Amino acid sequence: MKKIELPKIQDSRGNLSFFEYPNQIPFEIERTYWIYDVPNGEIRGGHAFKEQQEFILALSGSFDLVLHDGKKETIISLNRSHVGIFISKLVWREIRNFSTNSLALVVSDKKYDENDYIRDYNKFLKLSNESI
Ligand code: TYD
């Protein structure tokens with residue numbers, strides 16, 4: 001996982017940020033989705049991917065990313081429209097503490113594939129230890 005600070009172009013009309021491969025993010029985008037209208041207290045995620053890599057940012061509002069790479073947990077609060085997190089494969093993630101009206105943007109290097117999900121935490125720990 002890696003924090004990526006994106007360009008922020010500021011002028012009197014407001015701010016503009018962007019990302020493109022390979023200058024800001026390390027993969028070509030195959031899919032984009034976003035998470036919004038999350039009820040207070042709900043937790044998203046709760047899985048890892050066998051192959052998929054993602055880049056997540058809080059376009060609006062804030063939330064916490066709770067990441068586990070099989071060895072240690074890292075909690076990152078995202079609350080800036082120009083700062084995102086690259087998450088490599090085999091990282092367990094939960095997204096918590098969504099603020100009202102928060103908007104999480106996620107881009108992935110793979111199309112949606114349920115077979116790429118690891119939804120069992122013990123299976124994730126086993127796979128991540130095997131891959132070392
Ligand atoms: P899921 O990945 O479990 O959501 P989260 O990671 O936010 O907890 O996906 C929720 C549902 O949406 C699940 O039925 C699969 C479906 N889905 C798609 O059809 N396409 C997609 O690109 C994504 C991310 C999910």
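Colleague: Which strand supplies the largest share of the shell around the ligand?

Modeller: E4 does, with three residues. Strands here are DSSP runs of E with at least two residues, helices are H or I runs of at least four, and both are numbered from the N terminus.

Colleague: What kind of model is this, and how are residues numbered?

Modeller: It's a predicted model, where local features need pLDDT of at least 70 and side-chain atom pairs count only at pLDDT 80 or more, while totals for chains, interfaces and linings use all residues. Residues are numbered from 1 along each chain as its sequence is written.

Colleague: OK, back to the ligand. Which residues are around it?

Modeller: Arg31, Tyr33, Ile35, Arg44, Gly45 and Tyr112. The cut-off is a C-beta atom, placed from the backbone, within 6 Å of the molecule.

Colleague: Switching to the sheets. In what order do the strands of the sheet with E4 run?

Modeller: E1-E9-E6-E11-E4, five strands in an open sheet with antiparallel pairing. Two strands pair if DSSP finds at least two bridges between them.

Colleague: Why does one side of E1 and of E4 lack a neighbour?

Modeller: Because E1 (2-5) and E4 (31-36) stand at the edges of the sheet, each with a single partner strand. From one strand to the next, the twist averages 25°, using lines fitted to C-alpha atoms as axes (for helices, over the stretch in contact) and angles from 0 to 180 degrees between N-to-C directions.

Colleague: How many bridges join E4 to E11?

Modeller: Six, and the two run antiparallel. Ile35, which is also in the ligand shell, has Ala104 as its bridge partner in E11.

Colleague: What about E6 and E11, how many bridges there?

Modeller: Six bridges, again antiparallel, between E6 (residues 54-60) and E11 (residues 103-108). Glu54 is partnered with Ser108 in E11, and Ser60 with Leu103.

Colleague: And what's the strand order in the sheet with E5?

Modeller: E8-E7-E10-E5-E12, also five strands, open and antiparallel. E8 (73-78) and E12 (117-118) stand at the edges with a single partner strand each, so one side of each has no neighbour in the sheet.

Colleague: How is E5 joined to E10?

Modeller: Through three bridges, antiparallel. His47 has Arg93 as its bridge partner in E10.

Colleague: Now the core. Which members of the largest nonpolar core touch the most others?

Modeller: Ala48, Ile56, Phe63, Leu65, Leu78 and Val91, out of 22 residues. E5, E6, E7 (63-68), E9 (83-87), E10 (92-96) and E11 each give two or more residues to it, and E6 gives the most, with four. A nonpolar core is a set of buried Ala, Val, Leu, Ile, Met, Phe, Trp, Tyr and Cys residues joined through C-beta atoms within 7 Å.

Colleague: What does Val91 touch?

Modeller: Leaving out residues up to four places away in sequence, Met1, Ala48, Leu67, His68 and Asp69. Contact is C-beta atoms, placed from the backbone, within 7 Å.

Colleague: Which residues other than glycine have positive phi?

Modeller: Asp37 is one, with phi near 55°, in the loop between E4 and E5. Asn101 is another, at about 65°, in the loop between E10 and E11.

Colleague: Is Asp37 buried or exposed? And Asn101?

Modeller: Asp37 is exposed, with 10 other C-beta atoms within 10 Å. Asn101 is exposed too, with 10 within 10 Å.

Methods:
A residue is buried if 20 or more other C-beta atoms lie within 10 Å of its own, exposed if 12 or fewer, and partly exposed in between; C-beta atoms are placed from the backbone. Two residues are in contact if their C-beta atoms, placed from the backbone, lie within 7 Å.
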